[in-house]
Amino acid sequence: MESKVSIHSYNVKTEDGCVVRSNFDNVPSKEDLPGYHLKISEPIDFGIIEKNLSSGSYHSVAHVDQDILLLFQNNLRFYGCLSTQGKHAMMLREKYMEMCEEEKASLAEIVGPEGVRCLSRPAIPKTEDEEDIIRCPCNQFKDEGVMVQCDACQCWQHTDCVAVNLDPSKLEEF
């Protein structure tokens, strides 16, 4: 599948003008950051995604979308959403979601409406009477990994997102 929208379109910059995308071009090496490879079971970066696009390895928009979202989630899971890298992952993810919405119609012309169905993100209603509400800073509404429940609002969050080095078994209250 050829990419109509370039991955280089992620022109998100920090307040001091640094391009955020460059932090996601390569997975940290096992020598530089061995803990990353222990915690992240499916490492991926923009370099791998670009290689897969160029080689024709992707056969659907859903597969490309899945890998890009995995890239952001891996960084949030490892670094946490409060770290600089986590904040950058969230910035890129937000830009990616905007681009998906903007380009959905043009992609549908190429692959058909079924081919871009994966880019329709359901709105998650937030109701007071619902049990087990997940409201995480990463904006992922999946029960993945270790979760903690806030004692004040009763919402669940990924420990990787709210406290990277938190050991939930040692907490009485969160």
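Modeller: A salt bridge is a side-chain nitrogen of Lys or Arg within 4 Å of a carboxyl oxygen of Asp or Glu. This is a predicted model: local features need pLDDT of at least 70, side-chain atom pairs count only at pLDDT 80 or more, and totals for chains, interfaces and linings use all residues. Residues are numbered from 1 along each chain as its sequence is written, and side-chain values use heavy atoms, leaving out hydrogens and water.

Biologist: Which residues are linked with Arg21 in a network of salt bridges?

Modeller: Searching the whole structure gives four salt bridges. In one of them, arginine 21 meets glutamate 50, with the closest N and O atoms 2.6 Å apart. The network joins Arg21 to Asp25 and Glu50.

Biologist: How many residues apart are arginine 21 and glutamate 50?

Modeller: Helices (H or I, at least four residues) and strands (E, at least two) are DSSP runs, numbered from the N terminus. Arginine 21 sits in the segment before α1 (34–39), and glutamate 50 in helix α2. The pair links distant parts of the chain, 29 residues apart.

Biologist: Is arginine 21 buried or exposed?

Modeller: Buried means under 20% relative accessible area, exposed over 50%, and partly exposed in between (1.4 Å probe, protein chains only). Arginine 21 has 6% relative accessibility, so it counts as buried.

Biologist: In what order do the elements of the chain run?

Modeller: The chain has five helices and two strands. From the N terminus on, the order is α-α-α-α-β-β-α.

Biologist: At which residue does helix α4 bend?

Modeller: A bend is the angle between axes fitted to the seven residues ending at a residue and the seven starting there. Helix α4 covers residues 84–111. The bend is about 55 degrees, at lysine 104.

Biologist: Which residue forms a salt bridge with lysine 104?

Modeller: Lysine 104 counts as buried, at 17% relative accessibility. The closest N and O atoms are 3.4 Å apart, and the partner is glutamate 101.

Biologist: Which helices do the buried residues of α4 pack against?

Modeller: Contact means heavy atoms within 4.5 Å. The buried residues of α4 include Leu92, Tyr96, Met99 and Leu107. They pack against α2 and α3.

Biologist: Why is the pair of phenylalanine 46 and phenylalanine 72 given its class, and what is that class?

Modeller: Rings of Phe, Tyr and Trp (its six-membered ring) pair if their centres lie within 6.5 Å; planes under 30 degrees apart count as stacked, over 60 as edge-to-face and the rest as tilted. The structure holds five aromatic pairs. In this one the centres are 6.4 Å apart and the planes at 75 degrees, so the class is edge-to-face.

Biologist: Which helices hold phenylalanine 46 and phenylalanine 72?

Modeller: Both phenylalanines are buried. They are 26 residues apart and link distant parts of the chain. Phenylalanine 46 is in α2 (residues 46–55), and phenylalanine 72 in α3 (residues 61–79).

Biologist: How far is the sulfur of cysteine 118 from the closest cysteine sulfur?

Modeller: A disulfide is a pair of cysteine sulfur atoms within 2.5 Å, and the count comes to zero. Cysteine 118 is partly exposed, with a relative accessible area of 25%. The closest cysteine sulfur is in cysteine 100, too far for a bond at 7.7 Å.
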